[in-house]
Structures are given as C-alpha cells and as structure tokens.
Amino acid sequence: MLKEGDWVLIRYEEKRYLRRLDPSGSLNVRKDVLKFKDLIGKPEGVKVGKFEVFRPTLEDIILLGFSRKTQIVYPKDAFYIAFKLGIDKGSRVLEFGTGSGALCAVLSSLAGEVYTYEVVEEFYELAKGNLSKFGMGENVRFHLGDFAEAELPEEFFDAVFVDVKDPVPYLQKVHRVLKTGGVVGFLLPTANQVSRLLENLRDMFGGEEVLEILIRYYKTVPERLRPEDTMVGHTAYLTFCRKLRS
Ligand code: SAM
C-alpha cells in the first residue's frame, strides 16, 4: 500500500514524474489533477483517470530523481557494466570518480560493498545526497579525494570501474588493488581515448573487450508498432579487461 512519504512514479500518457507522497501535494498535467491524499492507502499500480502510479525502479530514480552536476553513466550502460564486472552480494567493488553517484547507486544495489572516490567536494556531497535521498548507500564508503592518493591494500577488490577523463595514469594502481583475474571496466566517450587505453593495458591486463550499447525504444501503439523517430546515438565506449598475474 502507498503511504505518506513514499516515492512514486506517475505516468501520464508519454510523460513520467517522480514525486514524494505529501498529502497536501498534487500533480497537474494539462487539465487533469492528481491529488496525492487520494493515493495514500491505495495499492501500487493504481490508475486514477489518466494517471498511472507505480513504485519507481532504480532506473526511474536515477533518471528522474538524481541531481546531476557531472556527466552520468546512463542506466543502459550502468546495468550492463555491473553484469560485466561479475559482481554479487559477496563482492567488494571500487569505482572512481563518483561524479553524481549514478553508477554508484547501481553498484550499491548489487554488490556487498562499494568504495568510491571523488576529488571534487561539491560532487562528493552531491552523490552522497542523491543516494541518501532515496534511502540507498548503506554499503557505500564515500571518499573525498584523489584515487591516486588513496591508501589501499593489495588485491583488495573483486572488481573496479574507472570513469575519469584519462584512466592511464591510474592503471598501475588499479592493477595493484584488484584481485588477480578480477575485472576492470572503463568508460570513455571517444575512440582515440580507447586506443590510448588499449596501448597501455598491455602486460598488466588481458581479455580486452570494447563495446557500446545502443538502445532503441519503440512507440507502443499496437497497430503501428515501430521505433521512436529519434534515439541516443552515442553515450560512451565501454572497455573491459581482467588482471593478469604479475
Ligand atoms: N560515474 C559517475 C556517475 O555515474 O555519476 C560520473 C563520473 S564523472 C564523469 C567523473 C568524475 O571523476 C568527476 O566528478 C571528477 O571530479 C572525478 N575524478 C576525476 N579524477 C579523479 C581522481 N583522480 N580521483 C577521484 N575522482 C576523480
């Protein structure tokens, strides 16, 4: 049952809204009004006029609820990254930089423990705030500082993800803190950055893969089912590899 203070995803035709159920609140779309007091005590999945009300998924929360001051890892990439890193509730994962915390939220929902490093205080606070606003992040250790200066034991992490402009200066340290055989992933927007990364992985990491994820949404009209007219053409290249024994 929906109760006061719950976050809900409200769909109205093609529009989506993420709102907190405050009994004095309401949502006005075109000429329709949804009063939140009418939702309290109702089951999720309720339809009121043209409004459909659900509990938000993590994707809804990241896309509609997180404040962003950095480029984020989009859910289409983030969930596949988590899959490729091979994490589960027993994993200790490292990521840097934290940015707005979008990937951090996904890793936190799937891993046992997440260590995240952010060098800019404003983004460190933003990411912590984004996760705590939605009751997430209890298994996350947020660190304010440069990953290069972090004091970490050898072979400490099951998996690592790197989302900084130039990952090359950090490769030796990533190699040191990652367990042998563990997966490391990188997100880079341009192909020349990926080439430079590949040149520098040699001897330390093996099993390289480079990929990108294209997602094509369809208009959900049964009698005229066809792709949406526009799509996101590119977010970033993903590179994955595994630590070789030194
Ligand atoms: N993955 C994040 C997300 O999904 O919201 C976005 C990361 S953002 C593109 C890159 C971040 O890395 C920036 O916030 C930047 O300040 C941080 N950064 C860059 N170099 C760093 C370093 N050496 N240590 C820690 N953070 C770093």
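The model is a predicted one, in which local features need pLDDT of at least 70 and side-chain atom pairs count only at pLDDT 80 or more, although totals for chains, interfaces and linings use all residues. Residues are numbered from 1 along each chain as its sequence is written, and side-chain values use heavy atoms, with hydrogens and water left out. Helix α1 covers residues 58-65, and its buried residues are Leu-58, Asp-60, Ile-61, Ile-62 and Gly-65. Here buried means under 20% relative accessible area and exposed means over 50%, with partly exposed in between (1.4 Å probe, protein chains only). These buried residues of α1 pack against β1, β2 (15-20), α2 (75-85), α3 and α4 (121-133).

**An open sheet of four strands.** The strands follow the order β2-β1-β6-β5, with antiparallel pairing; two strands pair if DSSP finds at least two bridges between them. Because β2 and β5 stand at the edges with a single partner strand each, one side of each has no neighbour in the sheet. From one strand to the next, the twist averages 25°; such angles run from 0 to 180 degrees between N-to-C directions, and the axes are lines fitted to C-alpha atoms, for helices over the stretch in contact. Helix α1 packs on this sheet, where it touches β1 and β2, and its direction makes about 90° with that of β2. Six bridges hold the antiparallel pair β1 and β2, in which Ile-10 stands opposite Tyr-17 of β2.

**Strand β6 and its two partners.** Strand β6 spans residues 51-54 and has a covered face with Phe-51 and Val-53, as well as an uncovered face with Glu-52 and Phe-54. In a regular strand the side chains alternate between the two faces of the sheet. Strand β1 (residues 7-12) runs antiparallel to β6 and is joined to it by four bridges, with Arg-11 opposite Glu-52. Strand β5 (residues 46-48) also pairs with β6 in the antiparallel sense, over three bridges, and Val-46 has Val-53 as its bridge partner in β6. Two residues separate β5 from β6 in a hairpin, and Gly-49 in the turn has a positive phi of about 60°.

**An open sheet of seven strands.** The order of this mixed sheet is β9-β8-β7-β10-β11-β15-β12. Its edge strands, which pair on one side only, are β9 (140-144) and β12 (205-211). The twist averages 15° from one strand to the next. Helix α6 (residues 191-201) packs on the sheet and touches β11 (178-188), β12 and β15, with a direction that makes about 5° with that of β15. Five bridges pair β12 with β15 (residues 237-243) in the antiparallel sense, and Val-210 stands opposite Thr-239 in β15.

**The loop residue Lys-165.** Lys-165 belongs to the loop between β10 (157-162) and α5 (171-177), and it counts as exposed because its relative accessibility is 76%. Although 22 residues separate Lys-165 from Leu-187 in sequence, their C-alpha atoms are 8.8 Å apart in space. Apart from residues up to four places away in sequence, Lys-165 touches Leu-188 and Gln-193.

**The loop residue Ser-100.** Ser-100 is found in the loop between β7 (92-96) and α3 (102-110), where it counts as buried because its relative accessible area is 2%. Its side chain makes a polar contact of 2.9 Å with the side chain of Thr-70. A polar contact is a pair of N or O atoms within 3.5 Å; within protein, one must be able to donate a hydrogen and the other to accept it, and residues adjacent in sequence count only if both atoms are side-chain atoms. Beyond its neighbours within four places in sequence, Ser-100 is in contact with residues including Phe-66, Ile-72, Leu-126 and Asn-130.

**The ligand and its surroundings.** The ligand is surrounded by 22 residues, of which the closest are Val-73, Glu-118, Asp-146, Asp-163 and Tyr-170; a residue is near a molecule or strand if one of its heavy atoms lies within 4 Å of it. A backbone N or O atom of Ser-100 lies 3.1 Å from an oxygen atom of the ligand, and an N or O atom in the side chain of Glu-118 is 2.6 Å from a ligand oxygen atom. A polar side-chain atom of Asp-163 lies 2.8 Å from a nitrogen atom of the ligand.

Terms used. Contact means heavy atoms within 4.5 Å.
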